[in-house]
Amino acid sequence: MSKQPILEINNLHAGVENKKILKGFSLTINAGEVHALMGLNGSGKSTLAAILAGREGYDVTEGTVKYLGEDLLELDPEERARKGVFLAFQYPVEIPGVNSTYFLKAALNEIRKSKGEQELDAIEFLNLVKDKIKLLELNEDLLKRSVNEGFSGGEKKRAEIFQMAVLEPKLAILDETDSGLDIDALKVVSSGVNKLKRPDSAQLVITHYQRLLNYIIPDFVHVMADGRIVKSGGKELALELEAKGYEAIVKAQ
Amino acid sequence: MSTDTETIESLVKQEYKYGFVTDVESESTPPGLSEDTIRHISAKKKEPAWLTDWRIKSFRYWQTMKEPTWQFVKYPKIDFQAISYFSQPKPKGDAPKSLDEVDPKLLEMYEKLGIPLRERGRLAGVAVDAIFDSVSVGTTYREELAKKGIIFCSFSEAVLEHPELVKKYLGSVVPYTDNYYAALNSAVFTDGSFCYIPKGVRCPMELSTYFRINAAKSGQFERTLIIADEGASVSYLEGCTAPMRDENQLHAAVVELVALDNAKIKYSTVQNWYPGDENGVGGIYNFVTKRGLCKGKNAHITWTQVETGSAITWKYPSCILLGEGSKGEFYSVAVVNNMQQADTGTKMIHIGKNTKSTIISKGISAGKGQNSYRGLVEIRKSAGGARNFSQCDSMLIGNKCGAHTFPYIEVKNTTSRVEHEATTSKIGEDQIFYCNQRGIETQDAVNMIVNGFCKEVFKELPMEFAVEAQKLLGVSLEGSVG
């Protein structure tokens with residue numbers, strides 16, 4: 001039985017103003033798979049994440065991105081989100097005064113509405129949220145605070161994973177979720193990610209370091225340099241990368 | 001990675017849903033201002049001679065004054081001779097004795113505005129005094145309030161029925177010499193609300209006044225006086241709307257609050273006068289003097305205002321903290337969109353020992369709006385141990401608007417403490433994108449972010465009105481971001 005492709009990126013070229021960043025990036029992700037995308041700073045990892053989520057300011061000059069068979073680049077960011085694309089931000093923003101629970105309820109109900117499902121009322125939502133809090137072993141205090149306001153780096157990343165748990169995306173893109181995390185926080189975040197793995201959804205884990213992949217075991221590892229994938233392999237590729245360094249692997253290609 | 005400015009501009013538009021005109025026959029005095037006009041208004045209201053004299057004194061003083069120019073707003077010179085100073089729906093025979101006799105067209109209008117004058121429905125439990133142009137058309141729950149000794153009626157009635165209270169307190173907080181518009185108001189004021197809460201009584205319901213300007217070419221000059229006697233407390237709310245007209249109309253009110261020993265007055269305003277169109281044509285000039293006197297020990301006055309309407313807003317609800325240990329608070333949200341201008345803030349005058357004041361001001365600017373916070377914290381020598389905390393935050397939406405802060409701080413003793421914090425932020429494209437990425441569209445994201453920004457102020461509003469205020473803010477900023 002052939003697997004259902006969730007994301008198909010084909011020969012993507014893109015950049016900002018006059019600077020080319022992605023130069024022929026191709027990648028296919030199927031349902032049930034976890035892909036790790038590794039690379040040095042400036043190789044284009046975060047640009048890829050931003051383009052997939054629909055952030056303004058990037059020009060796509062060539063190539064296609066299909067999401068569940070549909071042209072992803074044609075959709076507004078909120079439409080992508082409602083169809084199940086989730087970006088765990090590298091730097092989640094603070095929204096002072098906006099209660100986290102309220103925010104997340106609004107988000108979930110937008111997604112449900114677009115799917116033709118009934119919106120959850122406050123009580124149903126609270127029950128759902130409490131389950132997820134337990135699943136991820138997070139502190140319930142999170143729900144009472146304003147979105148990311150005054151959160152530590154680790155708390156912000158945990159909050160992102162928590163949002164992911166509630167919104168149950170088809171495609172989760174984790175942009176350097178490990179950056180700035182101490183080892184304990186890293187464990188919490190990655191165990192959360194592992195628990196959220198489902199056969200009908202996929203995860204793209206973008207990271208600079210191998211250490212995250214000690215906790216999140218990917219099915220595929222891709223090494224990115226200068227705007228495209230230069231090498232792909234199984235989880236052992238990450239270890240090779242750690243041992244030899246990026247330089248050696250990129251040069252060998 | 002910026003949200004395209006042109007998209008922002010092309011979407012800046014605003015809908016004003018209270019812009020209709022009610023078709024009632026009204027009688028207005030011809031435009032023009034002279035001692036005769038004032039005598040005419042005074043006679044029309046059957047006022048005692050002392051009040052007529054006070055008006056004339058005010059008028060003569062006003063004539064010696066110059067229109068102030070220090071505020072950070074621009075408008076063409078006002079022709080005070082072109083304004084009609086008195087307008088009322090034509091009475092059908094005698095004045096209505098109860099709400100049942102009020103012109104059904106007026107009742108219908110208030111229903112349409114969401115302010116039912118019948119003592120039931122959504123606002124059941126809130127007493128309303130409805131001011132239409134220059135007169136009060138009705139006050140609800142009067143009998144029930146009277147049982148507790150609370151007087152809640154139109155200012156005109158108070159003059160006739162409780163002259164001793166009016167005479168004692170009128171002009172005691174805002175003297176007619178105070179400023180240009182206060183002097184003008186003292187000369188020509190027509191109606192407004194009067195409220196007296198006797199000793200030790202907690203007012204059992206919210207009191208409110210709803211101001212409506214309807215007639216063309218008329219100004220509205222209302223006068224409100226609220227007195228909370230020793231140990232009394234009251235929460236009061238005012239709301240305002242006006243039809244859409246191409247001309248500017250002047251609204252120059254005076255509000256005086258007096259709180260005696262241990263009394264508490266909470267005064268909340270949701271101001272939604274017609275703001276003019278996107279080119280700045282029409283709209284209300286809202287030039288208002290509001291001041292509260294904490295006359296007694298531990299008196300407490302709180303001003304909360306949500307200012308979303310008016311072409312120009314020019315007001316500084318202030319507190320004079322005379323009584324020892326008295327407390328003044330000012331919570332404000334001021335929104336300008338399109339061509340609106342606001343110069344608003346507060347004055348906290350600390351005179352008594354150990355007096356405290358808090359100022360939280362949130363200014364939101366969109367379109368080409370200009371928003372200024374202007375505030376004075378004055379701590380006199382006598383006010384040992386006084387404390388003030390001020391926080392002034394501005395939020396900009398788009399890049400054609402402006403936010404300005406003019407704080408003045410004067411401290412005349414060494415035992416007081418004053419803190420001032422100010423921030424200016426642009427509504428973050430990052431914040432909007434973050435919301436988008438969670439499935440929330442841009443307009444909803446802006447509402448959410450702005451409401452979050454204003455939360456500290458909204459939580460000071462009476463419950464029913466906090467919800468209204470949030471909705472209003474959404475309407476005011478509709479289309480301000482693309």
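# A tour of chains A and B

Begin in chain A with strand β11(A) and strand β12 (residues 228-233), which are joined by five bridges and run antiparallel. This is a predicted model. Now zoom in on Met224(A): its bridge partner in β12(A) is Ile229(A). Follow the chain from β11(A) into β12(A). The two strands form a hairpin with two residues between them. Click on Asp226(A) in the turn, which has a positive phi of about 45°.

Stay with β11(A), residues 220-225. β3(A) pairs with β11(A) in the parallel sense, over five bridges. Show Ala36(A) and look across to β11(A): Val221(A) stands opposite. Here is a general point to keep in mind. Strands of a sheet pair through backbone hydrogen bonds, either parallel or antiparallel.

**Stop two: an open sheet in chain A**

Select β2, β1, β4 and β5 of chain A. In that order they make an open sheet of four strands, with antiparallel pairing. Which strands stand at the edges? They are β2 (19-30) and β5 (70-71) of chain A. Each has a single partner strand, so one side of each is left without a neighbour in the sheet.

Now keep β1 (residues 5-16) and β2(A) on screen. Nine bridges pair these two strands of chain A in the antiparallel sense. Pick His13(A), then look for Lys23(A), which stands opposite in β2(A).

**Stop three: the helix across the sheet**

Colour the helix by burial. Eight of the nine residues of α1(A) are buried, so the helix is largely enclosed by the rest of the structure. The buried residues include Leu48(A), Ile51(A) and Leu52(A). Lys45(A) and Thr47(A) are buried too. Step just past the end of α1(A) to Gly54(A), which takes a positive phi of about 95°.

**Stop four: two crossing helices**

Select α3 (residues 100-114) and α5 (residues 153-167) of chain A. Their axes come within 10 Å and cross at roughly 35°. The crossing of α3(A) past α5(A) is right-handed. Which residues make the contact? From α3(A), show Leu104(A), Ala107(A), Leu108(A) and Ile111(A). From α5(A), show Gln163(A), Val166(A) and Leu167(A). By class, this contact has six nonpolar residues, one polar and no charged ones.

Look again at the residues on the α3(A) side. An α-helix has 3.6 residues a turn, so residues three or four places apart point the same way.

**Stop five: strand β11 of chain B**

Move to chain B. It holds 12 helices and 23 strands. Buried residues make up 54% of its 482 residues. Among contacts in chain B between residues at least 6 apart in sequence, 83% join residues at least 24 apart.

Select β11 (residues 254-259) of chain B. Six of its six residues are buried, so the strand is largely enclosed by the rest of the structure. In a regular strand the side chains alternate between the two faces of the sheet. Turn the view to check both faces of β11(B). Val254(B), Glu256(B) and Val258(B) are buried on one side.

Now bring in the neighbours. Strand β8 (residues 223-228) of chain B runs parallel to β11(B), joined by six bridges. Within this pair, Ile227(B) has Val258(B) as its bridge partner. Strand β13 (residues 283-294) of chain B also runs parallel to β11(B), again with six bridges. Find Val255(B), with Lys290(B) opposite in β13(B).

Not counting residues up to four places away in sequence, Ala259(B) touches residues including Ala228(B), Ile265(B), Cys294(B) and Ile301(B).

**Last stop: where the chains meet**

Show both chains. Their contact takes 18 residues from chain B and 21 residues from chain A. On the chain B side, α9 (429-437) and α10 (442-453) each supply at least two residues. Which element gives the largest share of that side? It is α9(B), with six residues. Colour the chain B side by class: seven residues are nonpolar, seven polar and four charged.

Terms used. Residues numbered from 1 in each chain as written. Chains lettered and ligands numbered in written order. Predicted model: local features only at pLDDT ≥ 70, side-chain atom pairs only at ≥ 80, totals over all residues. Pairing = 2+ DSSP bridges. Contact = placed C-beta atoms within 7 Å. Axes fitted to C-alpha atoms, helices over the stretch in contact; angles between N-to-C directions. Left-handed = near helix turned anticlockwise from the far one by under 90°. Nonpolar A, V, L, I, M, F, W, Y, C, P; charged D, E, K, R; others polar. Buried ≥ 20, exposed ≤ 12 C-beta atoms within 10 Å, placed from the backbone.
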